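This report is meant for a reader who is meeting the structure for the first time.

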Amino acid sequence: MAITSANQLELLQTAEAVAREKMIDPVLVIEAMEESLARAAKSRYGSEMDIRVSIDRKTGVATFTRVRTVVEDEELENYQAELTVEQAKPYLDDPKVGDTIVDQVPPVEMGRIAAQSAKQVILQKVREAERDRQFEEFQDRAGTIINGVVKREEYGNVIVDIGRGEGVLRRNEKIGRESYRPNDRIRCFIKDVRREVRGPQIFLSRTAPEFMAELFKMEVPEIYDGIIDIKAVARDPGSRAKIAVISYDNSIDPVGACVGMRGSRVQAVVNELQGEKIDIIPWNEDQPTFLVNALQPAEVSKVVLDEDAERIEVVVPDEQLSLAIGRRGQNVRLASQLTGLDIDIMTEAQESERRQAEFAERTNMFVDALDVDEVLAQLLVSEGFTSLEEVAYVDQDELLVIDGFDEDTAEELQTRAREFIEEQAKQALARARELGVEDSLVDFEGLTPQMLEALAKDGVKTLEDFATCADWELAGGWTTIDGERVKDDGVLEPFDVSLEEAQLLVMTARVQLGWVDPADLEPEEEEISEEGEIDGSAEEEAQA
């Protein structure tokens with residue numbers, strides 16, 4: 001194959017044809033041809049030479065040139081492609097390091113082997129360009145629904161023809177026991193697009209919550225227009241789902257709009273999802289209200305929210321318990337996913353028993369600690385007193401509002417409470433010292449004797465030991481492992497020490513020991529999340 005006037009235009013025509021067929025830029029094909037011709041020329045003139053080929057984009061004329069670069073004397077290694085400043089003087093008026101000398105060389109005759117090599121280079125470049133185009137195209141479409149045709153099934157995974165590429169619908173991304181035959185039409189959600197060595201990998205899903213959200217967007221014009229917003233979706237694929245919606249137009253009912261006339265809109269989504277039952281729920285900023293909606297069709301009597309632990313207790317009538325929990329816990333599990341809260345469900349009878357148990361426990365505590373009769377102790381509990389500290393240090397006026405309490409009674413109760421607390425503190429400090437707690441930790445401000453005892457039992461006996469603790473080890477927290485929230489119990493958690501308080505204590509200890517500059521306190525504080533949740537890597541760093 002000689003580069004002559006007879007086949008110059010043929011190069012451009014070939015490049016155009018390949019570019020049209022593969023839907024890539026013709027320039028990429030021409031650059032691939034230039035590289036292949038340069039490789040063939042190097043095999044003719046010598047592999048150490050820097051031979052470059054330029055194809056004119058209009059005429060198709062291929063120009064072969066030899067390039068030599070001016071380098072420092074000590075850097076001269078390749079005599080065919082480099083030369084020193086002194087050697088370059090015959091060719092350049094004022095040669096400097098980095099200048100190049102370009103000489104045109106005759107075109108080469110391409111033999112059979114060289115032509116085959118050139119063909120391989122062009123095919124490889126075209127394949128790479130095609131993969132890049134495919135990756136960019138489908139990366140932009142990630143998070144949307146696509147229609148495709150089933151090509152084949154491999155080990156339970158379905159290979160789907162999605163136009164200018166292939167997608168993979170994995171076994172665990174199919175709804176229930178769906179089975180497909182070649183040439184079946186299928187609708188999927190583009191979950192992820194990854195660039196890999198063998199080309200872009202397009203992963204499809206029919207179980208993703210986003211798939212349902214996109215289906216509703218297609219069926220409900222108000223969602224597409226942004227009048228109604230989908231705030232959360234929870235699915236048990238193929239069985240049941242809950243979707244929370246909100247309307248930004250007071251005249252439009254978000255639930256009614258999603259259901260449609262005689263259920264036409266929601267039924268279209270249900271049919272696509274193999275009969276998956278869908279509960280459409282109005283979203284509410286108030287979490288307890290939203291949870292009551294999420295637990296539909298069960299009725300809720302009372303909701304108690306613990307924002308710190310992101311847990312919520314729900315009380316339902318006895319006859320509603322099975323409905324609230326659902327078949328195999330499905331209803332409460334979906335409600336938990338939808339709200340992002342851990343939900344504890346109990347009946348009214350169970351809650352009543354628990355409240356009675358708590359009342360009796362606190363009554364006995366006051367009877368034993370304050371040496372009072374049961375009636376007086378019950379009065380304190382009924383008025384909302386839950387601990388001895390509250391009785392000892394509360395403003396005396398709050399005790400005087402209790403029926404039958406005068407100043408003498410209130411003062412005597414507070415005196416007894418303080419004496420009991422002081423005695424408990426002495427005993428706890430003595431036990432802590434027996435366990436080996438040193439004065440450096442005893443003298444550290446912010447730790448009570450009971451805290452010192454708990455730390456000693458956990459092996460923390462010196463200020464240095466305390467300074468090496470992580471805040472979550474002291475206050476507890478929630479760790480996300482493999483997508484599941486796991487509770488970490490803290491040593492000082494029974495004393496209601498928050499994550500921020502634990503961090504401040506630890507950092508103060510480190511400052512006292514000279515381990516940390518006080519100026520470093522602020523950046524450290526910013527790393528703690530509001531929820532007291534750390535991921536697995538952060539936990540390892542904290543332990544280190």
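Two strands are said to pair if DSSP finds at least two bridges between them. Helices (H or I, at least four residues) and strands (E, at least two residues) are themselves DSSP runs, numbered from the N terminus.

## Basis and overall make-up

This is a predicted model, in which local features need pLDDT of at least 70 and side-chain atom pairs count only at pLDDT 80 or more, whereas totals for chains, interfaces and linings use all residues. Residues are numbered from 1 along each chain as its sequence is written, and side-chain values use heavy atoms, with hydrogens and water left out.

The secondary structure of the protein chain comes to 23 helices and 18 strands. Of its 544 residues, 41% count as buried, where buried means under 20% relative accessible area, exposed means over 50%, and partly exposed lies in between (1.4 Å probe, protein chains only). Contact means heavy atoms within 4.5 Å, and among the contacts between residues at least 6 apart in sequence, 54% join residues at least 24 apart.

## Strand β2 and its partners

Strands of a sheet pair through backbone hydrogen bonds, either parallel or antiparallel. Strand β2, residues 62-70, is mostly covered, with seven of its nine residues buried. Strand β1 (residues 51-55) pairs with β2 in the antiparallel sense over five bridges, and in this pairing Val53 stands opposite Phe64 of β2. The two strands β1 and β2 form a hairpin with six residues between them, and Gly60 in the turn has a positive phi of about 85°.

Strand β2 is also joined by five bridges to strand β4 (residues 100-104), and these two run antiparallel; here Arg66 stands opposite Asp103 in β4. With strand β3 (residues 82-83), by contrast, β2 runs parallel, the two being joined by two bridges, and Val70 stands opposite Leu83 in β3.

## A three-stranded open sheet

Another group of strands forms an open sheet in the order β10-β11-β12, with mixed pairing. Strands β10 (228-236) and β12 (277-282) stand at the edges with a single partner strand each, so one side of each is left without a neighbour in the sheet. From one strand to the next, the twist averages 20°. Strand β11 (residues 240-247) and β12 run parallel and are joined by six bridges, with Ile243 standing opposite Ile280 in β12.

## Two helix pairs

Two packed helices are described by the angle between their axes and the distance between the axes. Axes are lines fitted to C-alpha atoms, for helices over the stretch in contact, and angles run from 0 to 180 degrees between N-to-C directions. Angles under 35 degrees count as roughly parallel, over 145 as roughly antiparallel, 65 to 115 as roughly perpendicular and the rest as oblique.

The axes of helix α12 (residues 348-370) and helix α13 (residues 374-382) come within 8 Å and cross at roughly 125°, and α12 and α13 are therefore oblique to each other. In their contact, Phe359, Arg362, Thr363, Phe366, Val367 and Leu370 of α12 meet Glu374, Ala377, Gln378, Leu380, Val381 and Ser382 of α13. The residues of this contact divide into seven nonpolar, three polar and two charged, where Ala, Val, Leu, Ile, Met, Phe, Trp, Tyr, Cys and Pro count as nonpolar, Asp, Glu, Lys and Arg as charged, and the others, Gly among them, as polar.

For helix α16 (residues 407-434) and helix α18 (residues 449-457), the axes come within 8 Å and cross at roughly 25°, which makes α16 roughly parallel to α18. Gln424, Ala425, Ala428, Leu429, Arg431 and Ala432 in α16 meet Pro449, Gln450, Leu452, Glu453 and Ala456 in α18. By class, this contact of α16 with α18 has seven nonpolar, two polar and two charged residues.

## Backbone details in loops

Most residues other than glycine have a negative phi, and most peptide bonds are trans. A cis peptide bond, with omega of about 10°, joins Gln296 and Pro297, and Pro297 is found in the loop between α9 (287-294) and β13 (302-306).

Gln274, in the loop between α8 (264-272) and β12, has a positive phi near 60° and is partly exposed, with a relative accessible area of 49%. Asp496, in the loop between β17 (484-488) and α21 (499-513), also has a positive phi, near 60°, and at 69% relative accessibility Asp496 counts as exposed.
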